[in-house]
Amino acid sequence: MTEQLVLNYSIAGDDFTKAGEAAADFKTVLKKTGVPPDIIRRAAICMYEGEINMVIHADGGDAEIIIGADKIEIILADRGPGIPDIELAMQEGYTTAPENIRSLGFGAGMGLPNMKRYSDGFDIKSAPGVGTTVKMTIMLPKNRE
Amino acid sequence: MNVKQLAEALKLKTYNAGAQDREVAGCYIGDLLSRVMSRADRGDLWITIMPNINVAAVAVLSEVSCVVLAEDVTPDAELLEKCVKENVALYGSVLSAYALACEINKVI
Ligand SMILES: Nc1ncnc2c1ncn2[C@@H]1O[C@H](COP(=O)(O)OP(=O)(O)OP(=O)(O)O)[C@@H](O)[C@H]1O
Ligand SMILES: [Mg+2]
């Protein structure tokens with residue numbers, strides 16, 4: 001598969017029954033493309049963490065995924081409150097998730113670290129009051145079927 | 001040992017049989033979802049006391065072989081429904097996570 005595939009998702013805020021549906025759909029699509037299983041796993045976790053962050057922290061947002069010949073790009077953009085201190089937010093264990101969200105199992109403060117760890121390229125830009133954009137790149141091996 | 005054999009050996013309560021033929025590679029215990037996605041390995045049996053729908057999503061993404069709800073925790077209706085839909089093997093036990101892990105260590 002050499003042609004480029006583009007997926008667009010609109011992520012609703014505060015809907016925990018639907019949260020993760022975009023990542024699940026993305027994973028289903030990836031499974032049909034001949035991408036190796038370990039890369040599928042990493043890419044889908046990256047998408048899920050980003051999706052959940054937009055649901056919990058930003059009242060939703062938009063996701064665009066470009067599956068190319070040599071890489072997958074995941075671009076997540078929201079108009080939420082933004083992140084005042086990105087370095088702090090990137091630390092394992094740092095969270096501002098409220099108690100009701102934590103009781104659902106979120107709020108380990110591991111989402112952003114996971115996205116960085118499981119992607120090959122990670123870039124986050126955020127402005128308080130404006131929103132947050134996360135770009136992740138996952139490299140694909142050459143000579144895929 | 002596969003999920004079905006392990007469930008029988010540990011006398012687990014079956015909430016959803018799901019993909020029972022998968023091999024159990026190891027075991028991970030945890031309730032914080034992002035931590036599970038960080039540390040659990042593909043094929044692990046995941047022990048948790050978190051009974052909500054997000055557990056199914058994380059089980060699918062982290063590709064654990066099955067989920068065991070410890071300490072007699074029962075799954076929410078939404079979790080059960082999602083596990084059926086996504087073919088996630090979901091079990092329960094009255095044992096604690098520690099006791100379960102000790103038993104698993106004996107059989108796998
Ligand atoms: N899209 C976003 N908009 C605003 N703030 C965000 C966004 N993403 C992350 N943050 C901030 O960064 C913090 C750390 O995010 P991270 O994903 O690492 O942990 P978490 O979401 O709090 O918990 P976990 O992901 O482990 O369930 C969040 O608690 C929040 O304060
Ligand atoms: Mg997060």
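## The interface

About 1,900 Å² is buried between chain B and chain A (accessible area to a 1.4 Å probe that the two parts lose on being put together, summed over both), and carbon and sulfur atoms give 51% of that area. In contact (heavy atoms within 4.5 Å) are 21 residues of chain B and 21 residues of chain A.

The interface holds 2 salt bridges, each a side-chain nitrogen of Lys or Arg within 4 Å of a carboxyl oxygen of Asp or Glu. In one, B:Glu63 pairs with A:Lys27, with the closest N and O atoms 2.7 Å apart.

## How to read the model

This is a predicted model, where local features need pLDDT of at least 70, side-chain atom pairs count only at pLDDT 80 or more, and totals for chains, interfaces and linings use all residues. Residues are numbered from 1 along each chain as its sequence is written, chains are lettered from A and ligands numbered from 1 in the order written, and side-chain values use heavy atoms, leaving out hydrogens and water.

## The second largest pocket

A pocket here is an open set of points on a 1 Å grid over the protein atoms alone, where a 1.4 Å probe fits, with protein on both sides within 12 Å along at least five of seven lines; lining residues have an atom within 4 Å of a point. Of its 18 lining residues, the closest to the centre are A:Lys27, A:Lys31, B:Val60, B:Glu63 and B:Glu86.
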